[in-house]
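Hi,

Here is the structure I promised to pass on. Have a look at it first, and my notes follow below.

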Amino acid sequence: MMKTLILLFLLMIYRVSGADWAVNYSSSQICALKSSEVTIRCTYKYPTGHQIMKAFWTKYRAKKGQDYPDLSEDPEYSKRLQYLGDKQQNCTVRLSHVTKKDEHKYYFRFITDKNKKWMGTPGVNLSVTDLQLESPERVTEGDSVRLTCRSSCKLTDTPTFIWYRNSQRLTEGTIGNKLILKSVGREDLGRYRCAVYGHTLTSPEVYLNVTYPPKSVSVSISGSAVIMSGDSVTLSCSSDSNPPGIISWFKGKMLVGSGRIFSISKISSDDSGEYKCKARNAHGARYSDPVTLDVQYPPRSVSVSISDSKNKVGGDLVTLTCSSDSNPPAEICWLEENQSSAVGSGQSFSAVQSGRFYCVARNPHGAQRSDAVTVTVKVKHWKIYHTAVVVSLCGIVAAFIIGLITCYVKQKQMRPQFSSIQTLTDYSDDISIIFDPRQMPYVYENVMDVHPCTDSHDPKMTIHLYENLAVYGNVAINRNMP
C-alpha cells in the first residue's frame with residue numbers, strides 16, 4: 001500500500017522549495033521512443049520583487065562552487081533543444097531526436113536580479129527506448145500465434161501500435177501492443193514489424209516461419225510433344241511446402257529416382273509408362289498426378305510364323321501371321337518374293353498357293369520387312385481327279401453348244417432373202433454416225449493404286465476398269481417377205 005502511495009505521489013505535480021520559490025514538473029519520469037521528440041512541461045514561481053535574469057535547463061549537478069552548464073550552449077543539445085517557456089512562469093522545453101545518450105536527469109534552473117539562484121529538484125528522469133518484437137521462431141499451420149511489441153520502459157504518451165507484414169499494414173488482430181493470429185496459414189508467413197502511430201521508429205523485422213505439409217505437387221515435361229526413342233527427356237517436380245519437401249520419383253509403384261529434376265537420356269521403349277513424384281517433409285507427404293511417357297519408335301523385330309489348318313471342304317490352308325514391335329502399331333502388308341504386287345494385308349494372311357512370302361510393317365516413323373518364308377500348299381489326289389472330271393464335262397458342254405450354233409447358222413443361210421433390202425451404203429450416213437467414236441458414249445474408270453509397302457506408284461498394281469456402251473439406231477429394214 002505504501003509503495004502505491006509513493007508511486008501516485010511521484011506521478012503528481014512536484015512542488016519544490018518553500019511557498020515562494022517553486023518548480024513544478026508535469027512528470028518526474030518520461031519514457032520516449034528513440035528518434036522521437038520529447039516535451040518536458042514545467043512551471044515555476046518566485047517571490048515578488050525579483051526579476052528573472054536567466055532561465056535554463058541543465059543535466060548536471062555541479063560541484064559546490066561551480067556553475068551549472070546551460071544545455072542550450074552545449075553543442076550536443078544546441079540544435080535539438082528548444083526552450084518554449086518565458087522568464088515569468090513557463091519553463092517548458094522540447095528535445096528532438098532523442099537517443100540513448102540523452103538518458104539523464106534534467107533540471108530547470110533560474111537566476112534573479114538579486115543573484116538568487118534556484119533549481120527545481122528532484123528533476124525529470126528521461127529514459128529512451130526502442131521497439132522490439134517478440135515472436136515464436138517457428139509455428140505450424142493451424143496454430144494460434146501472438147506477437148508482442150515491447151519497449152524497455154512504459155511510454156509516457158498512450159501509444160497506438162501499428163503492425164506491418166512484408167511492408168503491408170495490418171488492420172485486424174491488433175490488441176494494444178499485441179498482434180494475435182488465429183489458425184495461421186501459408187499466407188501469414190513473412191516479415192513482421194511494429195511501430196507507434198505518429199512516430200517513424202519501427203521495430204526490427206522478425207520472420208514468422210509457418211511450416212506446413214506439401215501442397216500443389218505437379219510434374220512438368222520438357223521436350224517435344226512426340227517422344228522418340230533416343231531422345232532426352234527431363235521431368236520437373238514442383239511443390240509448395242515449408243520446409244521444402246524431399247522429392248522422390250516413381251514409375252508406377254517402383255522408385256526410380258530422387259531430387260527435383262529427373263532426367264532420362266536416350267530414352268527407350270522400356271522407359272514408357274506413368275511417372276509421378278512425391279514431396280515429403282516432417283509435416284506430411286503428397287503425390288503428384290501421374291504423367292505418361294509414350295515413347296514412339298519405328299517397327300522392329302518383324303517376323304512371320306506359319307500355321308496349317310483345314311478349310312471348310314477339307315483342303316489344306318496355310319496361315320501366315322506377322323508380328324512386330326512398334327509404337328504406334330504398324331500397318332501390315334504381304335508380298336510374294338520377286339513380285340511387286342501386294343497379295344494381302346492385315347496381321348494374318350492365308351496362302352492358297354505355294355511360294356515365298358514376307359510381310360512389311362510400317363508406321364509414321366519407318367518400315368521394316370520380315371525374312372521370307374517358304375509355303376508349300378499340298379493338293380490331294382482326289383482333288384486332281386475332281387478337277388479333271390470338271391474340265392472334261394466343261395469340254396463336252398462346250399462342244400454341244402458349238403454344234404447347236406453351227407446348225408443354226410446353216411439353217412439361216414438356206415432361208416430365202418427379203419424381197420427388198422436397202423443396201424448398207426444407203427444408210428452410210430447413219431452408219432457413220434453410229435460408228436463415229438465421237439458419237440459413242442464411253443465410260444472409263446481408271447484406278448491407280450499405291451503400292452502398300454513402298455508408297456510408290458507401281459504399273460503392275462494399276463487397275464483399269466472399262467465400260468463401253470455403243471448405241472445403234474437409224475437402220476431401216478424392209479420386212480416385206482418375198
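Before the sheets, a word on terms: helices (H or I, at least four residues) and strands (E, at least two) are DSSP runs, numbered from the N terminus, and two strands pair if DSSP finds at least two bridges between them. This is a predicted model, so to speak of local features I needed pLDDT of at least 70, side-chain atom pairs count only at pLDDT 80 or more, and totals for chains, interfaces and linings use all residues. Residues are numbered from 1 along each chain as its sequence is written, and side-chain values use heavy atoms, with hydrogens and water left out.

**Overall picture**

The protein has 37 strands and 3 helices. Of its 482 residues, 33% count as buried (under 20% relative accessible area; exposed is over 50%, partly exposed in between, with a 1.4 Å probe and protein chains only). Take the contacts (heavy atoms within 4.5 Å) with a separation of 6 or more: residues 24 or more positions apart account for 59% of them.

An open sheet is formed by 3 strands in the order β3-β7-β6, with antiparallel pairing. Because β3 (38-40) and β6 (81-83) stand at the edges with a single partner strand each, one side of each is left without a neighbour in the sheet. On average, neighbouring strands here are turned by 15° against each other, direction ignored; the axes are lines fitted to C-alpha atoms, for helices over the stretch in contact, and angles run from 0 to 180 degrees between N-to-C directions. Strand β6 is joined to β7 (residues 93-95) by 3 bridges, the two running antiparallel. Within that pairing, L81 has L95 of β7 as its bridge partner.

The loop between β5 (52-58) and β6 holds D74. A polar atom of the D74 side chain does lie 3.0 Å from the backbone nitrogen of E76.

**The β11-β13-β17-β16 sheet and I175**

Another open sheet has 4 strands in the order β11-β13-β17-β16, again with antiparallel pairing. Its edge strands are β11 (131-134) and β16, each pairing on one side only. Between β16 and β17 (residues 178-181) there are 2 bridges, and the strands run antiparallel. T174 has L179 of β17 as its bridge partner.

I175 lies 14 residues from F161 in sequence, and their C-alpha atoms are 8.6 Å apart in space.

**Two further spots**

G198 is found in the loop between β18 (190-196) and β19 (206-222). With a relative accessible area of 72%, G198 is exposed. Its C-alpha atom is separated by 9.9 Å from that of I162, 36 residues away along the chain.

Finally, a hairpin joins β33 to β34 through 2 residues. Strands β33 (residues 355-363) and β34 (residues 366-369) pair in the antiparallel sense over 4 bridges, and V360 has R369 of β34 as its bridge partner.

Best wishes

Definitions and conventions
A polar contact is a pair of N or O atoms within 3.5 Å; within protein, one must be able to donate a hydrogen and the other to accept it, and residues adjacent in sequence count only if both atoms are side-chain atoms.
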